[in-house]
Amino acid sequence: MDDAAAGSRIDAEQVAKVAALARLRLDDGELERFTHQLADILDHAADIEALDLEGVEPMAHPVRIVNVLRADEPGAPLDRDEVLSQAPAAEDGQFRVPPVLGEAP
Amino acid sequence: MSVERALSGSPLPSAVETAAAVRAGHRSAVEVLGERLERITADEDRVHAFNLVTAERARAAAESVDARVAAGEDPGPLAGVPVAVKDNLCTQGVATTCSSRILAGWEPPYDATVVDRLQRAGAVVVGKTNLDEFAMGSSTEHSATGPTRNPHDLSRVPGGSSGGSAAAVAAGFAPIALGSDTGGSIRQPAALCGVVGVKPTYGLVSRLGLVAFGSSLDQVGPFAATVADAAVVCEVVGGHDPGDSTSLPGAFPSVVEHLDDGVDGLRVGLVTEMLGDGIAGDVAARVRAAAEALAAAGATVEEVSVPAVAYGLSAYYLVAPAEASSNLARYDGVRYGVRVDAPTAGEMMEASRTAGFGDEVKRRIMLGTYALSAGYYDAFYGKALRVRTLIRADFDAAYERFDVLVSPTSPTTAFAFGDKTADPLQMYLNDVCTIPTNLAGHPAASVPFGVGDDGLPVGVQVMAPALGEVAMFRTAAVLEASAGAS
């Protein structure tokens with residue numbers, strides 16, 4: 001991050017890219033506002049960017065439990081119709097979505 | 001030293017008193033409920049603590065509690081006690097919105113474990129409380145249903161994100177409420193609304209049915225008017241849940257039986273880093289008064305430095321958004337909630353998320369996506385996880401010398417609407433004292449301790465090492481008893 005000193009930690013192009021990755025659409029005003037706000041927040045985070053953390057283990061989680069397995073016994077699942085009744089669109093016991101590939105029919 | 005509330009009405013019985021009266025047959029659950037619904041009818045228009053009041057269901061639940069008492073059964077330790085539930089906890093067949101447009105109309109097919117346990121203990125759910133959308137915020141202003149108002153001063157925020165639950169207890173709508181705390185979302189609103197709020201040790205309370213925000217940080221806990229009520233709720237909702245793979249084995253520590261133990265001989269550390277820059281003078285003065293009260297009650301009190309907490313805010317605002325960006329990927333217009341139609345699935349997902357999420361949620365999703373993206377992962381997310389290790393190590397060092405640590409809960413008393421919404425970083429700074437415990441996975445409570453220069457409540461935070469709930473509750477109980485006296 002050599003441009004950190006310039007204070008432009010993230011620019012509009014990067015924000016637009018991140019928004020696209022997160023499946024969000026921003027208009028021009030939002031893009032400008034969010035770029036400014038995200039840059040402020042990342043500037044604040046510069047304090048940890050500057051820390052020497054060589055040799056410090058990362059901590060992704062406070063509980064050191066791994067691979068919790070339940071007994072391999074069938075239980076009652078949620079009722080399919082009840083779950084599908086909450087979906088925006090369902091058909092034949094499945095979620096219905098618009099075409100995933102190619103042009104719309 | 002209580003504040004003249006902006007609302008009418010004298011204090012109603014506590015949860016402990018209510019359950020005792022209902023179990024003994026001296027009061028009916030229906031009558032208890034009626035008393036609270038009356039308060040809601042009188043004041044909810046001005047407070048907006050609730051997204052939904054479930055009066056009819058509550059009446060049916062109260063009637064069933066009364067029927068059990070009449071049949072000679074014991075409905076449980078919260079018999080007939082009304083409870084308000086944060087609207088990011090699943091309630092079967094009852095709308096659960098997270099105060100987001102994207103979940104409008106969604107009715108979960110199951111109850112969160114904590115809701116189920118409350119009901120099995122005889123509690124009566126009166127409604128779903130307002131929050132910052134998906135629990136992201138410190139003022140409840142980021143809610144799609146509009147802000148909640150602080151019952152002590154209706155021109156001020158109640159704090160957040162569990163502002164609705166805090167306000168519901170402060171306004172007397174219910175003696176107890178559930179919230180969730182990812183970076184202070186129980187403790188900070190508790191402080192601003194003058195009630196007790198507890199974030200238990202990570203893993204002590206099930207997250208099954210809590211709509212996920214930051215999965216390595218989220219923890220459910222109680223709001224209450226008294227420390228004893230909060231302790232009872234912890235014991236009821238806490239303990240192992242096989243449905244949550246991060247749930248710790250065993251029951252919640254027995255805190256109720258130690259509430260009267262006092263603090264004689266307890267070692268209390270006053271965190272230096274949380275009393276300096278950025279902490280309002282009147283708030284710091286109350287915290288020092290609290291430390292004196294603990295010393296007067298027999299505790300040894302000293303200042304202690306926990307240096308790495310200074311990096312907590314930065315680490316949190318990388319870790320929590322990173323986890324959120326992943327957790328909120330599920331809102332795609334396919335399985336639940338709102339869909340905005342478009343010709344292809346990809347366009348439909350983008351249109352649904354763009355219309356369904358508010359600005360603060362979008363900010364955090366983008367921040368997290370950025371922190372996790374190629375080229376930045378090591379500089380941001382990777383470093384933040386290492387800072388987390390430092391914070392826990394510094395806490396561990398402090399807890400070799402101290403049983404509990406004390407600080408302000410929030411740097412200021414309740415602020416005015418609109419004060420911080422334009423500048424997200426200013427809003428985030430509200431969480432500077434509460435965030436480190438979430439990063440470490442430790443427990444902490446906020447206890448009201450008098451008022452600031454503006455006459456509004458000040459909360460004192462009591463932190464403890466993992467599973468240190470007994471010492472935390474003992475300290476909280478002494479602070480509660482001495483708050484009126486100093």
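Contact means that heavy atoms lie within 4.5 Å. The model is predicted, and local features need pLDDT of at least 70, while side-chain atom pairs count only at pLDDT 80 or more. Residues are numbered from 1 along each chain as its sequence is written, and chains are lettered from A.

**View 1. Helix H2 of chain A and its cover.** Helices are DSSP runs of H or I with at least four residues, and strands are runs of E with at least two. H2(A) takes in residues 28–44 and reaches 25 Å from its first C-alpha to its last, close to the 24 Å expected at 1.5 Å a residue. Its buried residues (under 20% relative accessible area, 1.4 Å probe, protein chains only) include A:Leu31, A:Phe34, A:Leu38 and A:Ile41. Among the elements that cover the buried residues of H2(A) are helix H1 (12–21) of chain A and helix H12 (378–401) of chain B.

**View 2. The N-terminal end of H2(A).** A:Asp27 caps this end, with a side-chain oxygen 3.1 Å from the backbone nitrogen of A:Gly29.

**View 3. The surroundings of B:Thr182.** This residue lies in the loop between strand E4 (176–181) and helix H6 (187–193) of chain B. B:Thr182 is buried, with a relative accessible area of 2%. Its side chain joins that of B:Asp218 through a polar contact of 2.6 Å; such a contact is a pair of N or O atoms within 3.5 Å, and within protein one must be able to donate a hydrogen and the other to accept it, while residues adjacent in sequence count only if both atoms are side-chain atoms. Leaving aside residues up to four places away in sequence, B:Thr182 also touches residues including B:Phe213, B:Tyr316 and B:Asn438.

Definitions and conventions. Side-chain values use heavy atoms; hydrogens and water are left out. The expected span of a helix is 1.5 Å times one less than its number of residues. Buried means under 20% relative accessible area, exposed over 50%, partly exposed in between (1.4 Å probe, protein chains only).
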